[in-house]
Amino acid sequence: MIERSEGTSKHSTDLIEVRSGAYHDSVTLMRAGRRLAERPGVTGALTAMATALNLELLAEMGFTPPPGAGPDDLLVAIRADDAAALEAARAAVDELLAPSAEARPFGAPAPARTIGSAARRIDATLALVSVPGPYAFTEAMDALDAGLNVMVFSDNVPVEHELVLKETAARRGLLVMGPDCGTAVVGGAGLGFANAVRPGKVGLVAASGTGSQQVMSLLDEAGAGVSHALGVGGRDLSAEVSGRSTLQALRALDADPATELIIMVSKPPAPEVGDLVRSATRRLSTPVLFALLGEGLDDLTTAVEKALGTLGMPVPSWPSWPACRPVRPCGRTEPGLLRGLFAGGTLCEEAAIIAGTIPHTMTDFGDDRYTRGRAHPMIDPTLRLERLAAETTGGACAVVLMDVVLGYGAEPDPAASLAPVIEQAEVPVVVSLCGTAGDPQDRDRQAQALAAAGAAVFASNAAAARHAVSLAEGS
Amino acid sequence: MHSPSSRDPVRGSATDGGGPGNTGLGGLLTRDIGVVTAGTSVLADALAEQAVPVETVDWRPPAGSPDDLAVVMGDRRRTAADAEAVRRMLNARPHLVDVRPAREVLGIERGTFLHAGPPLAWDRASGPMRGALIGAALFEGLAGTPEEAERVLRTAPLDSCHHHRTVGPMAGVVSPSMWMFVVEDAEGGGTAFCSLNEGLGKVLRYGAYGPEVIERLRWMAGTLGPALRDAVRARGPVDLRAIMAQALHMGDELHNRNRAATSLFVRELAGDLADAGAADALRFTSGNDHFFLNLAMAAGKVSADAARDVPGSSLVVAMARNGTEFGIQVSGTGDRWFTGPAGVPDGLYLGAYGPADANPDIGDSTITETTGVGGFAMAAAPAIVRFIGGEVPDALAATQRMYEITLAEHPAFQVPILDFRGTPVGIDVTKVVRTGILPVVNTGIAGRVAGTGQVGAGLVSPPAEVFTQALHALAEGATITP
């Protein structure tokens with residue numbers, strides 16, 4: 001029932017309605033009142049239940065409170081400049097107070113904003129942190145607080161942060177992989193830059209990302225497969241960090257029934273840390289082989305071959321794909337310059353060791369100097385492609401050696417962008433192709449495309465480096 | 001929505017003790033892998049490509065200093081301290097045990113006034129705060145006119161309610177002759193106090209001090225207080241936590257809507273009030289939808305105080321506004337206040353009032369949000385969701401957002417529409433700074449001119465700097481040893 005009075009107050013265009021039995025909550029009514037007041041030509045509006053307080057308010061606004069209205073009645077009071085505005089506003093009241101026509105579906109919660117919050121939404125065992133270095137500690141610590149192991153992909157993390165993270169993880173029986181850990185394989189899942197490897201008997205503990213990728217790819221090729229590949233971060237075997245994650249990763253793999261052999265992939269550790277790790281490995285029931293990269297030590301391929309021997313498995317002939325368009329360095333008596341253009345730091349270092357005394361320059365495009373403000377060359381090849389073009393057309397070098405690292409996280413089809421540059425090359429190009437048949441990029445297809453463009457392609461980085469050296473020597 | 005730990009009241013499961021001998025790594029090598037990612041999306045995509053279950057964090061760089069964050073996150077005491085502090089907050093069992101005059105329970109002298117929020121001097125007080133103080137001075141008989149009252153108040157001792165285990169809504173002014181709810185924590189043994197709610201309209205807490213306001217205060221001190229005291233003493237302690245838990249199932253969020261809780265509370269005392277012939281008191285309490293607010297606040301205060309002074313904890317134990325500043329206190333930093341300018345609420349206005357009439361944020365009622373109700377329980381109160389922008393999903397989102405900045409889920413306070421999930425409780429300074437998500441606060445809006453009263457109601461956010469200040473103080477006191 002609606003009682004209406006118009007123009008009864010001292011203002012000529014007032015309207016007061018009393019709607020008995022029409023209940024709306026005060027917020028709906030306040031909102032409706034605000035909307036009415038915002039309308040053109042409306043100078044005042046009140047939509048409220050006719051409580052004593054609201055009747056008083058109505059009087060203060062200059063309206064004449066309707067007699068007999070009570071708390072169960074709805075008051076609608078509108079003041080407008082003219083009758084048209086008043087009528088339009090009155091019509092709008094019904095719309096404003098009508099129940100919303102369609103109920104919107106309840107939305108799913110917004111994405112989690114912290115690692116801890118996300119950890120409550122999934123049955124997780126691991127956090128993968130790749131936020132900028134200064135913030136990595138906070139997220140990694142949050143992961144440890146949530147009971148998760150952490151892989152810290154981020155670089156530029158201060159060593160003090162690394163120490164606190166690794167100590168905290170050790171107290172809680174968790175593992176910190178990193179900082180600056182690019183590669184891990186856990187239970188068949190590749191984390192960061194990792195290759196699709198068949199499950200197998202060999203566990204890796206790696207302080208080096210591409211070193212780990214080389215070893216796991218060769219193990220896959222040989223049929224041995226990989227149980228898990230745990231990264232520890234490049235600084236883990238320094239005197240300061242003292243192998244904290246390495247020791248933990250070794251113990252975890254020792255306890256893992258699937259792992260029959262452990263390979264440690266690293267640069268040579270600080271001497272006292274090396275002793276510490278070696279004495280720890282003697283207490284394990286699983287044999288541990290060291291694939292340490294350094295002068296006079298086994299290269300990674302040889303280390304894998306020794307591991308196969310330990311497992312009683314035959315060593316395959318590592319795949320290679322000869323260049324379909326051989327480019328011969330012009331006859332020379334002195335060795336020419338070997339130019340290395342690498343995306344993987346460890347592969348670059350191994351090649352430099354193999355190049356030995358012959359003239360060479362090796363550039364690691366994954367180094368911080370080249371990744372500032374741009375993605376890693378495994379994701380964004382632009383910078384390295386430019387250099388490759390320059391070096392192979394009118395450059396000073398006799399041969400170019402480069403790596404192409406496949407796997408999860410890497411660019412989807414590296415050969416597609418490399419092939420046109422290689423086709424134009426005036427000097428031989430040797431490619432170390434690190435990957436597996438199961439990788440999303442398909443190693444063999446990549447190899448064929450690169451070889452067709454004129455590159456000599458090797459699955460073993462050491463073999464690629466030796467081939468490049470032989471070309472540079474003109475032999 | 002999958003939330004495996006939603007039934008664990010206190011989150012953050014990891015504590016020391018796995019030990020170096022434990023090679024299990026939380027089942028890393030034996031369980032099916034699930035990964036939480038924060039940062040570069042290409043890494044999360046690579047996992048999704050392998051059909052690995054991934055939960056991606058919507059990570060954004062925090063506004064606060066990364067160094068302060070790292071220091072506090074690295075504090076050896078933090079996880080255990082936070083767990084202990086929030087455990088105490090959740091375990092509190094607030095009971096209304098008595099109703100007594102402030103002079104008796106607080107020991108404050110005639111001429112002394114307590115107020116809401118962090119400490120405040122008269123010369124910085126806002127309109128409604130001054131109005132309420134003037135009203136209290138008139139009520140105490142310290143002055144005959146508002147002008148005289150102002151002269152008295154310039155030199156009168158003022159102190160924060162929070163320094164006296166007390167909270168007060170809006171201006172929160174307490175003077176010796178006002179009657180107080182006495183709320184005890186049956187678990188932790190603490191006590192907290194709050195004044196009696198005056199109702200809506202022209203009331204002291206909104207800064208009104210007209211004759212009807214003073215007259216009502218006199219009636220409350222002379223009739224209502226003693227009647228409630230007698231009824232509570234006759235009935236015995238009233239379990240406030242039980243009432244609050246039920247009210248959340250009945251559409252209250254216990255800050256801007258207390259209708260259900262008030263009804264439940266009146267039901268508890270109705271018989272004893274009737275026995276005593278206190279019909280006026282019964283009529284007054286049952287006719288005031290906000291009567292329970294002051295009890296919810298005292299319950300919040302006694303719970304929050306139980307969580308105080310845990311060294312190393314970044315749990316917020318008080319959020320309060322004095323009409324000029326918004327302040328917080330943190331468990332690990334003692335009684336220190338971290339303050340910033342109080343914002344003007346974004347809300348809906350009564351009658352012809354508008355934002356220009358609004359005073360900056362005021363009141364201790366944010367103790368409700370501090371303890372996991374109020375804005376944090378917005379999803380439980382669909383009837384008033386239009387305060388936060390108009391739609392029920394927004395209310396759900398407000399409560400869900402608060403899980404991002406809290407340490408626990410309340411074991412007793414549940415939100416039916418979220419499948420009876422416990423309300424988000426225990427604001428963590430580090431989480432606020434990390435996410436930039438500020439606590440959502442439901443509030444009434446006072447008129448900025450002394451004597452006006454309430455002009456609206458709505459939502460307000462604390463100033464972000466109070467959390468970065470608190471983080472810095474926690475960093476200064478942190479214990480870091482690798």
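A:E391 is buried, with a relative accessible area of 14%, where buried stands for under 20% relative accessible area, exposed for over 50% and partly exposed for what lies in between, with a 1.4 Å probe and protein chains only. The model I am showing is predicted, so local features need pLDDT of at least 70 and side-chain atom pairs count only at pLDDT 80 or more, while totals for chains, interfaces and linings use all residues. Residues are numbered from 1 along each chain as its sequence is written, chains are lettered from A and ligands numbered from 1 in the order in which they are written, and side-chain values use heavy atoms, with hydrogens and water left out.

To return to A:E391, this residue sits in helix α13 of chain A, residues 382-392; helices (H or I, at least four residues) and strands (E, at least two) are DSSP runs, numbered from the N terminus. Leaving aside residues up to four places away in sequence, A:E391 touches A:R339, A:L341, A:C397, A:V400 and A:V427, and contact here means heavy atoms within 4.5 Å.

Staying in chain A, let me turn to helix α15, residues 443-453, in which A:R443, A:Q446, A:A447, A:L450, A:A451 and A:A453 are buried. Viewed down the axis of α15(A), these buried residues fall within an arc of 155°, so they line one face of the helix; the arc is that of the directions from the helix axis to the C-beta atoms. What covers them includes, in chain A, the helices α7 (209-222) and α14 (414-423), together with the strands β14 (320-321), β17 (399-405), β18 (429-434) and β19 (455-458). After α15(A) comes A:G454, whose phi is positive, near 120°.

Now to helix packing. Two packed helices are described by the angle between their axes and the distance between the axes. The axes are lines fitted to C-alpha atoms, for helices over the stretch in contact, and the angles run from 0 to 180 degrees between N-to-C directions.

The crossing of α5(A) past α2(B) is left-handed, a term used if the near helix is turned anticlockwise from the far one by less than a right angle, with right-handed used if clockwise. On the α5(A) side the contact is made by A:P134, A:Y135, A:F137, A:T138, A:M141, A:D142 and A:D145, and on the α2(B) side by B:P66, B:L69, B:A70 and B:M73. By class, this contact has eight nonpolar, one polar and two charged residues, where Ala, Val, Leu, Ile, Met, Phe, Trp, Tyr, Cys and Pro count as nonpolar, Asp, Glu, Lys and Arg as charged, and the others, Gly among them, as polar.

Within chain A, the axes of helix α11 (residues 345-355) and helix α16 (residues 461-472) come within 9 Å and cross at roughly 45°, which makes α11(A) oblique to α16(A). Their crossing is right-handed, and A:L347, A:E350, A:A351, A:I354 and A:A355 of α11(A) meet A:N461, A:A462, A:A465, A:R466 and A:V469 of α16(A). The contact of α11(A) with α16(A) comprises seven nonpolar, one polar and two charged residues.

Within chain B, the axes of helix α5 (residues 127-139) and helix α7 (residues 211-235) come within 10 Å and cross at roughly 60°, which makes α5(B) oblique to α7(B). B:G135, B:L138 and B:F139 of α5(B) make the contact with B:I214, B:L217, B:R218 and B:A221 of α7(B), and these residues divide into five nonpolar, one polar and one charged. The crossing of α5(B) past α7(B) is right-handed.

Lastly, some backbone details in the loops. The peptide bond from A:G178 to A:P179 is cis, with omega near 5°, and A:P179 belongs to the loop between β7 (176-177) and β8 (183-186) of chain A. A:S242 is not a glycine, yet has a positive phi of about 60°; A:S242 lies in the loop between β11 (226-231) and α8 (244-255) of chain A and, at 22% relative accessibility, counts as partly exposed. In chain B, phi of B:R165 is near 55°, again a positive value in a residue other than glycine, and B:R165, in the loop between β5 (158-160) and β6 (166-167), counts as partly exposed at 43% relative accessibility.

Notes: Angles under 35 degrees count as roughly parallel, over 145 as roughly antiparallel, 65 to 115 as roughly perpendicular and the rest as oblique.
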